[in-house]
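Dear colleague,

Please find below the structure that I am handing over to you.

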Amino acid sequence: MRRNRNTSLDNVVTDFILLGLAHPPNLRTFLFLVFFLIYILTQLGNLLILLTVWADPKLHARPMYILLGVLSFLDMWLSSVIVPRLILNFTPASKAIPFGGCVAQLYFFHFLGSTQCFLYTLMAYDRYLAICQPLRYPVLMNGKLCTTLVAGAWVAGSIHGSIQTTLTFRLPYCGPNEIDYFICDIPAVLRLACADTTVNELVTFVDIGVVAASCFMLILLSYANIVHAILKIRTADGRRRAFSTCGSHLTVVTVYYVPCIFIYLRAGSKSPLDGAVAVFYTVVTPLLNPLIYTLRNQEVKSALKRLRAGRGNVDGDK
């Protein structure tokens, strides 16, 4: 909750200043290079996954890898919404962001982030059906249903982003205009509002924190059933393959949801840890996803080998 300030039109904020991450001045160049490298590797890694799924007939016909391709696409865009603006904080360039730019960044951050949240839940459901209902899996999760579920996740994410953005920027902002964060996100922006933010904080808690926590619990419930089913597999090789496939997804889910819940269930917090935690799930996680899926998933590694072998054969024919 905030006390009302003078909201005359003369004081209406037209842009914001993103203060960015606190850092020693002598590390500015180093941090610029680190985040620039992370961004490039994130784009290349996820593009590789996307192209592999698209080019390999054995992958793009299976719902699991359709979902993985969508995840890679989301990671590329989410990284592009966050990291370039973060990198600017380590340069002499102006840290100002237009009011409309702040609105757009907050919307796309929550649109893409919540879509990713729903997608992780779909991926867990897909694995649950594949392992716990193997005979009925082709009927229960076919390409048409998978496409419908993915479209639903995108629509739900868009609605979520619109609600959060509308509620945040319906409030008056009359100064100061310095956002003590590296992006325009709800908790940091609300601290600058010239009106009571109780309703916004409650909606943030329910719509983000509780929804994320609920999705996480659904994923854990799916995996509890999956582990129970895997332990019934008689062959060691079968158990290993099942754990390998599911382990990749469970690792990604953990490094995404835990920081997200940590931040949004503590919307009023001003802890210096919040920035570091947010960097992890907004910047580092999109980088880790392709690494986790390529290193732990045998089918993706096999597809990459086939893709490389096919490319080598084409070069040899020339």
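**Findings**

Ser-72 is buried, with a relative accessible area of 2% (buried means under 20% relative accessible area, exposed over 50%, and partly exposed in between, with a 1.4 Å probe and protein chains only). This is a predicted model, in which local features need pLDDT of at least 70 and side-chain atom pairs count only at pLDDT 80 or more, while totals for chains, interfaces and linings use all residues. Residues are numbered from 1 along each chain as its sequence is written, and side-chain values use heavy atoms, with hydrogens and water left out.

Ser-72 belongs to helix 3. Helices (H or I, at least four residues) and strands (E, at least two) are DSSP runs, numbered from the N terminus. Apart from neighbours within four places in sequence, Ser-72 is in contact with Asn-46, Ile-49 and Leu-50, where contact means heavy atoms within 4.5 Å.

Helix 3 (residues 63-88) also packs against helix 6 (residues 143-169), at an angle of about 25° and with the axes 10 Å apart. Axes are lines fitted to C-alpha atoms, for helices over the stretch in contact, and angles run from 0 to 180 degrees between N-to-C directions. The angle makes helix 3 roughly parallel to helix 6 (under 35 degrees counts as roughly parallel, over 145 as roughly antiparallel, 65 to 115 as roughly perpendicular and the rest as oblique).

Which residues meet in this pair of helices? From helix 3 come Pro-63, Ile-66, Leu-67, Val-70, Phe-73 and Leu-74, and from helix 6 come Cys-146, Val-150 and Trp-154. These contact residues divide into nine nonpolar, no polar and no charged (Ala, Val, Leu, Ile, Met, Phe, Trp, Tyr, Cys and Pro count as nonpolar, Asp, Glu, Lys and Arg as charged, and the others, Gly among them, as polar).

An unreviewed UniProt entry places the feature "transmembrane region" at several spans, including residues 65-87 and 107-125; UniProt positions are given in the numbering used here, feature names are shortened, and annotations may be inferred rather than shown by experiment. Residues 65-87 are 100% helix and 0% strand, with end C-alpha atoms 32 Å apart. Residues 107-125 are likewise 100% helix and 0% strand, and their end C-alpha atoms lie 27 Å apart.

Pro-25, in the loop between strand 1 (15-18) and helix 1 (28-55), is exposed, with a relative accessible area of 65%.

For the chain as a whole, there are 11 helices and three strands, and buried residues make up 47% of the 318 residues.

Yours sincerely
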